[in-house]
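Please open the structure in your viewer and keep the selection tool at hand.

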Number of protein chains: 2
Amino acid sequence: MSKQELLPELLELFRQQGYDGVSIAHISKATGLGKSSLYHHFPEGKEQMARELLEYIHGAVKQHFVAPLKTDKEPRKKLTDMAQVVESFYDGGRKWCLIDGMTLGEANSLFQAQISRSVEAWIQAMADVAIECGLSKKMARERAENALIAIEGGLIVSRATGNYQIFKRVVRSLPSIVLDGHE
Amino acid sequence: MSKQELLPELLELFRQQGYDGVSIAHISKATGLGKSSLYHHFPEGKEQMARELLEYIHGAVKQHFVAPLKTDKEPRKKLTDMAQVVESFYDGGRKWCLIDGMTLGEANSLFQAQISRSVEAWIQAMADVAIECGLSKKMARERAENALIAIEGGLIVSRATGNYQIFKRVVRSLPSIVLDGHE
DNA sequence: GTCTATACTAGGATAGAC
DNA sequence: GTCTATCCTAGTATAGAC
């Protein structure tokens with residue numbers, strides 16, 4: 001089994017259980033690989049798995065979230081395209097965001113740098129779309145931050161209330177959060 | 001040592017480390033009590049600690065977040081009062097929200113009901129202020145949800161980027177999120 | 001590259017003395 | 001109500017065979 005098959009499994013485990021909640025035994029069961037096989041792929045254990053997962057996710061962010069924002073389509077169309085990917089990646093709010101479980105306790109200091117790199121890339125790409133529509137650099141940045149805040153907050157509030165309509169509504173409002181009044 | 005002294009310690013541990021990340025040994029060290037003393041207070045162990053903590057937090061939510069919204073002050077004033085409490089409770093974004101660490105993995109099913117009760121109480125209180133300003137029930141609810149989404153998302157994005165100005169900005173915008181255009 | 005077996009540590013929980 | 005001592009399980013990690 002190759003890492004490209006392992007990493008999607010790791011994503012599902014870490015995003016649902018959080019860094020502390022995932023054990024090698026869980027991973028072994030989920031992947032069907034024995035513990036020793038896992039240590040063959042990741043000699044430094046769970047910490048290395050998380051690091052490589054975050055690298056993998058960084059690529060996925062660029063490919064799935066950022067790329068639709070860098071096409072030559074209409075600004076609002078770019079954002080609705082992104083929003084659709086977001087809705088499906090988080091399965092309508094039923095799947096957690098990796099950030100939550102990777103920024104608790106000691107994991108926070110271990111992975112904060114990697115996480116912020118992905119988050120910054122995404123925010124910047126959304127801000128660029130806002131700038132394209134004539135917003136100032138400062139306002140574009142704020143609106144892009146607000147879009148990410150809405151996504152992350154929407155996930156938390158949806159799962160806290162058990163009402164996933166909230167996430168759906170939030171995702172649909174993303175283009176407006178970034179662009180309203182500037183098209 | 002009484003539970004009223006223990007619970008604030010538990011809050012700090014669980015909000016920072018998450019349910020899975022907290023061990024009895026951590027709690028023992030943080031409180032200065034031996035393991036057996038902790039089991040004397042909480043015979044069912046960590047799960048009971050979390051349950052009682054969430055009860056305690058439910059009271060704190062009503063007292064600190066909801067109560068300022070039920071005074072006879074001006075609507076916007078109620079929300080700025082609440083926002084100030086929020087900023088200090090989360091230490092300007094540097095302290096996590098309990099929800100994050102209590103809704104990962106198995107903890108989610110254990111505590112979701114208790115969490116949603118507190119969250120609903122808070123949302124409803126914010127919605128009532130919006131209704132007081134003439135918003136429809138449906139719009140008031142949406143705006144109250146958006147306020148909580150902003151708080152929770154602001155915490156996540158602040159810690160993911162390491163930039164706590166974001167949380168500060170979000171907290172200051174709370175009254176506008178709930179009331180703008182209806183005063 | 002994967003397995004079985006094993007070592008060791010940390011975490012959860014209890015018994016019984018004071 | 002708190003302590004020391006202990007038990008058991010789960011978790012991390014490694015050795016060595018195939």
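Predicted model: local features only at pLDDT ≥ 70, side-chain atom pairs only at ≥ 80, totals over all residues.

**Stop 1**

Select chain A and chain B together. A rotation of 180°, with a shift of 0.0 Å along its axis, places chain A on chain B with an RMSD of 0.0 Å. The two copies are therefore related as by a two-fold rotation axis. The contact residues tell a matching story: 100% of those in chain A recur in chain B, and the same surface serves both copies. To find the rotation axis from chain A, select A:G153. Among the residues of chain A, the C-alpha of A:G153 comes closest to the axis, at 1.8 Å.

**Stop 2: DNA strand C**

Next, select DNA strand C and display the residues around it. How many residues surround DNA strand C? There are 17, and the closest are A:M1, A:G34, A:S36, B:I24 and B:S36. Of the atoms of DNA strand C that come within 4 Å of the protein, 56% belong to sugar and phosphate.

Colour the surface near DNA strand C by residue class. The surface consists of 6 nonpolar, 9 polar and 2 charged residues. Which helix gives the most to the surface near DNA strand C? Helix 3 of chain A does, with 4 residues.

- Select A:S36: a polar atom of its side chain lies 2.4 Å from a base oxygen of DNA strand C.
- Select A:S37: an N or O atom in its side chain is 3.1 Å from a phosphate oxygen of DNA strand C.
- Select B:K35: a polar side-chain atom lies 3.4 Å from a base nitrogen of DNA strand C.

**Stop 3: DNA strand D**

Now move the selection to DNA strand D. It is surrounded by 16 residues, the closest being A:K35, A:S36, B:M1, B:G34 and B:S36. Sugar or phosphate accounts for 53% of the atoms of DNA strand D within 4 Å of the protein, and bases make up the rest.

By class, the surface near DNA strand D has 5 nonpolar, 9 polar and 2 charged residues. Helix 3 of chain A and helix 3 of chain B each provide at least two residues here.

- Select A:I24: a polar backbone atom is 2.7 Å from a phosphate oxygen of DNA strand D.
- Select A:K46: a polar side-chain atom lies 3.3 Å from a phosphate oxygen of DNA strand D.

**Stop 4: two helices of chain B**

Finally, select helix 4 (residues 46–66) and helix 7 (residues 105–132) of chain B. Their axes are 10 Å apart and meet at an angle of about 0°. Helix 4 and helix 7 of chain B are therefore roughly parallel to each other. To view the contact, display side chains on both helices. Helix 4 of chain B contributes residues including B:L54, B:H58 and B:F65, while helix 7 of chain B contributes residues including B:F111, B:I115 and B:W122. By class, this contact between helix 4 and helix 7 of chain B has 11 nonpolar, 3 polar and 4 charged residues.

Conventions:
Residues numbered from 1 in each chain as written. Chains lettered and ligands numbered in written order. Heavy atoms only, no water. Axes fitted to C-alpha atoms, helices over the stretch in contact; angles between N-to-C directions. Parallel < 35°, antiparallel > 145°, perpendicular 65-115°, else oblique. Contact = heavy atoms within 4.5 Å. Nonpolar A, V, L, I, M, F, W, Y, C, P; charged D, E, K, R; others polar. Near = heavy atom within 4 Å. Polar contact = N/O pair within 3.5 Å; in protein donor to acceptor, adjacent residues only side chain to side chain. Least-squares fit on C-alpha atoms with pLDDT ≥ 70 in both.
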